[in-house]
Structures are given as C-alpha cells and as structure tokens.
Amino acid sequence: MKRFVWLALFALGSTAAAADPAFAPTGPAFLAKYCNSCHSGEKPKADLSLTGLKDNASILKERKTVTRVLEVMHANEMPPPNKAQPAGKEKDDFFKLVTAVLDHADKNAKPDPGRVTMRRLNRKEYNNTVRDLCFVEFSPAQDFP
C-alpha cells in the first residue's frame, strides 16, 4: 500500500494502534463541524459528499476518498480560509483516528496470496511427486519424449 508523508508524521505508537479504534463518536462529529457544511446535501462541492462516513466500515469502503481528504487537510487546503478551522490538536487527533482505523484494518486483513498459476512440472519435480504420492522409487519421467 502506498504510504504518504502524513502517515509518517501522524503515525501512532504501538500501544494506541493495538486497540480496535472506533471512528463512530468523534470522527463524524469532526466532519459535521468542519466539512459537511460544504460537502453534503444535493449538490456537494467538488461532487464530494462526506455524510456517509459514519463508522469504520464506511471509512474502509471509501478508503481512496478518505486518503485524499487527509492529504488535502494536511496541505491546509481544506477547510478554506474563510471557514472555521480546526485547532492543531483537534486536527492531529482526527488524522490519528483515521490512520489508526486504516492501519488496524490493514494489520487484521486476511492475506491475499494473489493469483496461483498452474504450470508444468519438470522431470525431477514429476519424479519426486510420483515418489511422494505413490511411495514407489522409480523414474517415470525418463520415458517422456
């Protein structure tokens, strides 16, 4: 997964990341206070509605959007200068919360081995496979063309 600069700046210690972080109470409140005035309703600005971000599942479902939101906030592009600005600690806590949710999901995700490709066995592998399956010591691959 591609890591961004803000992850390094706001990474949590191992003790805070060990607990299952909950986005529910504080995350939606932060978004309602600073973001939803522009990014909600029938015609949200930049066609980006943040009203659906209510819990951990919605954060993971909209991971790309949430990552972009954090990048824009870290660059101080949002909220705009004429809107209410979050205090430094409040903003840091929001970054840490979202980062903790994403990191916790990454650490507890089932591993994906990727695509398994079928391939032919070479002579030695074939002989070993027959030996291991049939418990017979002979070389059937010698008769192959």
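**Exercise 1. Name the residues that line the largest cavity of this predicted model, and sort them by class.**

Solution. 
Step 1. The lining of the largest cavity is made up of Leu31, Leu53, Ile59, Val66, Val69, Phe94 and Val98.
Step 2. Two elements, helix 5 and helix 6 (88–108), each give two or more residues to this lining.
Step 3. Sorted by class, the lining has seven nonpolar residues, no polar and no charged ones.
Step 4. The space inside the largest cavity is about 30 Å³. A search of the whole structure finds one cavity of 30 Å³ or more.

The model is a predicted one.

**Exercise 2. Describe the largest pocket: its volume, its central residues and the make-up of its lining.**

Solution. 
Step 1. The volume of the largest pocket is about 280 Å³.
Step 2. Its lining counts 18 residues, and the closest to the pocket centre are His39, Leu48, Val69, Val72 and Met78.
Step 3. By class, 12 residues of the lining are nonpolar, three are polar and three are charged.
Step 4. Helix 5 (residues 63–74) contributes the most to the lining, with five residues.
Step 5. Val69 is among the residues closest to the centre of the largest pocket, and Val69 also lines the largest cavity.

**Exercise 3. Examine helix 5: its span, its buried residues and what comes just after it.**

Solution. 
Step 1. Helix 5 has 12 residues, and from its first C-alpha to its last it reaches 16 Å. This is close to the expected 16 Å, at 1.5 Å a residue.
Step 2. Val66, Thr67, Val69, Leu70, Val72 and Met73 are the buried residues of the helix.
Step 3. Just after helix 5 comes Asn76, with a positive phi of about 60°.

**Exercise 4. Decide how many disulfides the model has, and check Cys38.**

Solution. 
Step 1. A pair of cysteine sulfur atoms must lie within 2.5 Å to count as a disulfide.
Step 2. For Cys38, the nearest cysteine sulfur belongs to Cys35 and is 8.7 Å away. Cys38 is therefore in no disulfide, because the cut-off is 2.5 Å.
Step 3. The count for the model is zero disulfides.
Step 4. As for accessibility, Cys38 is buried at a relative accessible area of 15%, whereas Cys134 is partly exposed at 47%.

**Exercise 5. Classify Asp132, Ser58 and Pro86 as buried or partly exposed, and place each one in the structure.**

Solution. 
Step 1. Under 20% relative accessible area a residue is buried, over 50% it is exposed, and in between it is partly exposed.
Step 2. Asp132 belongs to helix 7 (residues 123–134). Its relative accessible area is 45%, so Asp132 is partly exposed. The side chain of Asp132 is in polar contact with that of Arg131, at 3.1 Å.
Step 3. Ser58 sits in helix 4 (residues 56–61). Its relative accessibility is 11%, so Ser58 is buried. The Ser58 side chain reaches the backbone nitrogen of Lys54 at 2.9 Å.
Step 4. Pro86 is in the loop between helix 5 and helix 6. With a relative accessible area of 13%, Pro86 is buried. Pro86 and Phe30 are 8.6 Å apart in space, C-alpha to C-alpha, although 56 residues separate them in sequence.

Technical notes: Residues numbered from 1 in each chain as written. Predicted model: local features only at pLDDT ≥ 70, side-chain atom pairs only at ≥ 80, totals over all residues. Heavy atoms only, no water. 1 Å grid on protein atoms, 1.4 Å probe; cavity = no way out; pocket = protein on both sides within 12 Å on 5 of 7 lines; lining within 4 Å. Points joined across faces, edges and corners; volume = space filled by probe spheres on them. Helix = DSSP H or I, 4+ residues; strand = E, 2+ residues; numbered from the N terminus. Nonpolar A, V, L, I, M, F, W, Y, C, P; charged D, E, K, R; others polar. Expected span 1.5 Å × (residues − 1). Buried < 20%, exposed > 50% of the residue type's maximum accessible area, 1.4 Å probe, protein only. Polar contact = N/O pair within 3.5 Å; in protein donor to acceptor, adjacent residues only side chain to side chain.
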